[in-house]
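Thanks for asking me to look this one over. Could you open the model beside this note and follow the points along?

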Amino acid sequence: MRRDLCIAVALFSCVSFSSLAQDSAYDGLDNHLSSLYRLSNARTLSISPENPTGEKGKGGTAAEGTGAKAARDLGKGWKISPSVDIAAGTTYTVAEISGPGAIQHIWMTPTGNWRFSILRMYWDDEREPSVEVPLGDFFAMGWGKYARISSLAVCVNPGSAFNSYWPMPFRRRAKITLENLDEKPMTLFYQVDYALSTVAADAAYFHAQFRRVNPLPYKQVYTIVDGIKGRGHYVGTYLAWGVHNNGWWGEGEIKFYMDGDKEFPTINGTGTEDYFNGSYDFENPEKHQYEEFTSPYSGLVQVLKPDGLYQSQQRFGLYRWHIPDPIRFTSDLRVTIQALGWRTGGRYLPLTDDISSVAYWYQTEPHAAFPKLPTKDELETN
C-alpha cells in the first residue's frame, strides 16, 4: 500500500513538473532583470529608415536616402538612409508589422514643432487609433523644449532623443504613423524595436490620449480622460501646465471615477504635487525655488521661468507612471484634476490655467471613440 502510494506520488510529480515546464514556456515579451537569462522562441526585429519593413537581412540595403550624398564615396551599406523627410501636411507610415508580437522600444529624434507632429498607433486593423498624441507630449515634452527624463517608461536624452519603453502587444497587426501638421517639412530619425511571439490571452492593448484646455473655465475641473469603456488599467499621466496667476498653482486634487462612480470618485488625491510624488510645492527649502527632478516613476522635469520680456508665463512639465501601482477598472474610467491656487483670507482660488495632458492606459478592445484632436491653432504653444 505504501509502495503504491509512493509510485502514485512520483508519477503525479512527474506529470505536474512536465505540465509546469510546458506552461511556463517564456514568450520573450515580458522582459526584466529577473527574466533575462531565459531562452525564448521570440524573433527580434527592428524598423528604421535603413530597414523600413523590418525584414530579416534587409537592413542597410538602400541606394537612396537622406545620407546618400554624404556616403557618395563609400557606396551601398554605408549610412545611406538614416532618416526621412516628411513634407508639410502629409502623413508618414513609420511602421507596419504583422503579428502576433509586441513593440518593446521606440526611439525618435524629430525636427520641427513637436506639437504639430501627431503620433498615432493602431492595433489589429482598427480604423480609429488607440494612440493619438502630439509627438512631444507623448514623450513628456509638451512645451517644445528639451529636458532630460530618466524614467522606466520614457527617457529623453541629449540633445532631443525620445525613447518609449511602454510594452505594446498586438495580435494581428500594428501600425504607427506620424502626421506633419506644420507648413514646412520635418526630418525624423527613428527606430522601432519589436519581437514576434505568442501574446498572452490576458494581454490588453496600449492606449494614449491627448487633451488641452486654454484657458480652463473658472470653477471647472480639468478632465484628463473620460469615456473609457471596457476592462483595463490606467498606467500614466503627463501634464504640461501653464500658470496664468501668481502664487502656488497645485492645490487641486486628482480624482479617479471608475466602474460606475458618479458624483464622487473611488480614488481621491490630496494635491497636485502629492500625486506627482512631491510635496510642499516642489520647493527646495534652502534655495526657495522649484526643484526639478526625474525618477523611475515620477518627475517635475520642466520649470520654465519668465524671462522678463516675451516669455511672460511660468510653465511646468510633470509625469507620473503607475507601473508598480496600476489603477485597475472593469467597466469604465474617468480622471479629472482640479486647478487651485490661493486667494485672500486663506481661501482656494479656482485657476483659469493652460493645461495639456496625456493619459496612458491598457484596455480590452474595442475602445470608445476619442474626442476630436484640437486644431493646429488650438495645439500651438508660444
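The points below go from the overall build to salt bridges, pockets, a surface patch and some backbone details.

1. **Ground rules.** Please keep in mind that this is a predicted model, in which local features need pLDDT of at least 70 and side-chain atom pairs count only at pLDDT 80 or more, while totals for chains, interfaces and linings use all residues. Residues are numbered from 1 along each chain as its sequence is written, and side-chain values use heavy atoms, with hydrogens and water left out.

2. **Overall build.** The protein has four helices and 27 strands; helices (H or I, at least four residues) and strands (E, at least two) are DSSP runs numbered from the N terminus. Along the principal axes, the C-alpha atoms fill a box of roughly 85 × 75 × 45 Å. Of the 382 residues, 48% count as buried. Here buried means under 20% relative accessible area, exposed over 50%, and partly exposed in between (1.4 Å probe, protein chains only).

3. **Salt bridges, starting with E132.** Nine salt bridges turn up in the whole structure, each a side-chain nitrogen of Lys or Arg within 4 Å of a carboxyl oxygen of Asp or Glu. E132 and R120 form one of them, at 2.9 Å from N to O. Because E132 lies in strand β6 and R120 in strand β5, the pair ties together parts that are 12 residues apart in sequence. Both E132 and R120 are buried. Do look at E179 as well: R120, E132 and E179 are linked in a network of salt bridges.

4. **Two bridges from β13.** R211 and D226 meet in a salt bridge of 2.7 Å, N to O. R211 is in strand β13 (residues 205–213) and D226 in strand β14 (residues 222–229), so this contact ties together parts 15 residues apart in sequence. R211 is buried at a relative accessible area of 15%, whereas D226 is partly exposed at 32%. The side chains of D354 and R212 also meet in a salt bridge (2.7 Å, N to O). That pair links distant parts of the chain, with D354 in strand β27 and R212 in strand β13, 142 residues apart. D354 and R212 are both buried.

5. **The largest pocket.** Grid points are joined across faces, edges and corners, and a volume is the space filled by probe spheres set on the points. The elements giving two or more residues to the lining are β4 (101–110), β15 (232–243), β23 (327–329) and β27 (354–363). By class, the lining has 21 nonpolar, 10 polar and eight charged residues. Ala, Val, Leu, Ile, Met, Phe, Trp, Tyr, Cys and Pro count as nonpolar, Asp, Glu, Lys and Arg as charged, and the others, Gly among them, as polar.

6. **The second largest pocket.** This one has about 280 Å³ of space. It is lined by 14 residues, and those closest to its centre are W143, K145, R315, T381 and N382. Its lining divides into four nonpolar, seven polar and three charged residues.

7. **A surface patch.** L152, Y297 and I323 make a nonpolar surface patch of about 240 Å². Patch residues have over 30% relative accessible area and no salt bridge, with nonpolar side chains (Val, Leu, Ile, Met, Phe, Trp, Tyr) joined within 5 Å; accessible areas come from the Shrake-Rupley method with a 1.4 Å probe, and for residues only the protein chains shown count as cover. Y297 sits in the loop between β20 (293–294) and β21 (298–304) and is partly exposed, at 32%.

8. **Backbone details.** Most residues other than glycine have a negative phi, and most peptide bonds are trans. A cis peptide bond joins G99 and P100, with omega about 10°, and another runs from E365 to P366, with omega near 5°. A140 has a positive phi, near 65°, and is buried at 0% relative accessible area. F282 has a positive phi too, near 55°, and is buried at 5%.

Methods: On a 1 Å grid over the protein atoms alone, a cavity is a set of points where a 1.4 Å probe fits but cannot get out, and a pocket is an open set with protein on both sides within 12 Å along at least five of seven lines; lining residues have an atom within 4 Å of a point. Patches are made of residues with over 30% relative accessible area and no salt bridge: like charges are joined within 9 Å, nonpolar side chains (Val, Leu, Ile, Met, Phe, Trp, Tyr) within 5 Å.
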